Amino acid sequence: MSGIKANGQKRLVLISGRAHPALAEQIADELGSELVPTDSRTFANGEIYARFDESVRGSDAFVIQSHTQPINEWLMEQLIMVDALKRASAKRITVVAPFYPYARQDKKGRGREPISARLVADLFKVAGADRIMSVDLHAAQIQGFFDGPVDHLFAMPVLLEHFRNQLDASTLTVVSPDMGRVRVADMWSDKLGAPLAIIHKRRDPLVPNKVTVHEIVGDVKGRVCLVVDDLIDTGRTIVHAAEALKAAGAVGVVIAATHAVFSDPAVELLSSDAVDSVVVTDTLPLPPEKIFDKLTVLPIAPLLARAIKAVFEDDSVTSMFDGAA
Ligand code: R5P
């Protein structure tokens, strides 16, 4: 039987959706465990089915899914797995969604818009989730959308470790690509001992993914700029930021982002001369066509595994981040 037992009582079980099985397998390896064998299928008409091949009764279950394209399918699969766990008498069910689906729809920016991030939290709750674990939520207040504990993890320690010996703080400026990321960029600036610059950008509310960069607040001339963002989708935000920084005299632009959504034309845009290197984590799967020369992908599984272990053993998750929260 898969899983880890604590005190001869609790049993941790790991379940994976079909979106990013490699990530779930790496988490299981980190924990010295195995994934519960699961029969997951999509029927001819698109309906999804999932059944666990062994008992999950009384278990502390973690359902790992990566919300990549087709995102609605993988969300539905995770909901169905949570429902199956609930009906099979799992004692506690944690949704592990490293990239929280629909996180950018977190408020009504205009009349008659949905708040889809809240709807997703409600769906998890109704399906039977007791708690949620996610990495770098687009907006921290999404935690409050779910009526239960939310373990909000930060990829910053993973990314920082990569940069620690690569960047010289005396020539570095940390850049927030928009006003929404200033708090996170400020933490990076503190950790690296480098000044902060902010890009003021405006969106056309009628055109999705369309961004116009306006002005840079801070000193970037002659500096290497480290632009930090939670996600790169089409790449337009970050590449426009990189172009603006280079036009303002930056000598280098390095990009760090947690979630590599990389919808078209991200790979093409990120390969441009405005960008010197891109560092992301593998919260989302990266097929070969989304890999390019300037890209470094860091594994997120060790962080998720540590957090899962802490939750299972009733240890602190906050202490993993040394005040970064
Ligand atoms: C915006 O608020 C986000 O943090 C990202 O900067 C944005 O959603 C990325 O989208 P894209 O890569 O399509 O510009």
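Aspartate 314 sits in the segment after α8 (301-312); helices (H or I, at least four residues) and strands (E, at least two) are DSSP runs, numbered from the N terminus. Its phi is positive, about 55°, although aspartate 314 is not a glycine. Keep in mind that this is a predicted model, where local features need pLDDT of at least 70, side-chain atom pairs count only at pLDDT 80 or more, and totals for chains, interfaces and linings use all residues. Residues are numbered from 1 along each chain as its sequence is written, and side-chain values use heavy atoms, with hydrogens and water left out.

- Aspartate 314 is exposed, with a relative accessible area of 58%; exposed means over 50%, buried under 20%, and partly exposed in between (1.4 Å probe, protein chains only).
- Serine 89 also turns up with a positive phi, near 70°, in a residue other than glycine.
- You'll find serine 89 in the loop between α2 and β6 (92-96), and with a relative accessible area of 31% it is partly exposed.
- There's a cis peptide bond from glutamine 69 to proline 70, with omega near -5°, and proline 70 belongs to the loop between β5 (60-64) and α2 (71-87).
- Another cis peptide bond runs from aspartate 264 to proline 265, with omega near 5°; here proline 265 is in the loop between β13 (252-260) and α7 (266-270).

**Aspartate 230**

- Aspartate 230 is part of strand β12 (residues 224-232), and it is buried, with a relative accessible area of 2%.
- Its side chain makes a polar contact of 2.6 Å with the side chain of histidine 138. A polar contact is a pair of N or O atoms within 3.5 Å; within protein, one must be able to donate a hydrogen and the other to accept it, and residues adjacent in sequence count only if both atoms are side-chain atoms.
- Leaving aside residues up to four places away in sequence, aspartate 230 touches Asp136, His138, Arg181, Ala257, Thr258 and His259, where contact means heavy atoms within 4.5 Å.

**Around the ligand**

- How many residues surround the ligand? There are 15, and the closest are Asp229, Asp230, Thr234, Gly235 and Thr237; a residue is near a molecule if one of its heavy atoms lies within 4 Å of it.
- That shell divides into 2 nonpolar, 5 polar and 8 charged residues. Ala, Val, Leu, Ile, Met, Phe, Trp, Tyr, Cys and Pro count as nonpolar, Asp, Glu, Lys and Arg as charged, and the others, Gly among them, as polar.
- A polar side-chain atom of arginine 104 is 3.0 Å from an oxygen atom of the ligand.
- From an N or O atom in the side chain of aspartate 230, an oxygen atom of the ligand is 2.6 Å away.
- Aspartate 233 comes in through its backbone, with a polar atom 2.8 Å from an oxygen atom of the ligand.
- On its own the ligand has 370 Å² of accessible area, and the protein covers 94% of that (Shrake-Rupley method, 1.4 Å probe).
- Two or more shell residues come from each of β10 (196-203), β12 and α6 (236-247), and β12 gives the most, with 4 residues.

**Helix α6**

- The buried residues of α6 are Thr237, Ile238, Val239, Ala241, Ala242, Ala244 and Leu245.
- After α6 comes glycine 249, with a positive phi near 100°.
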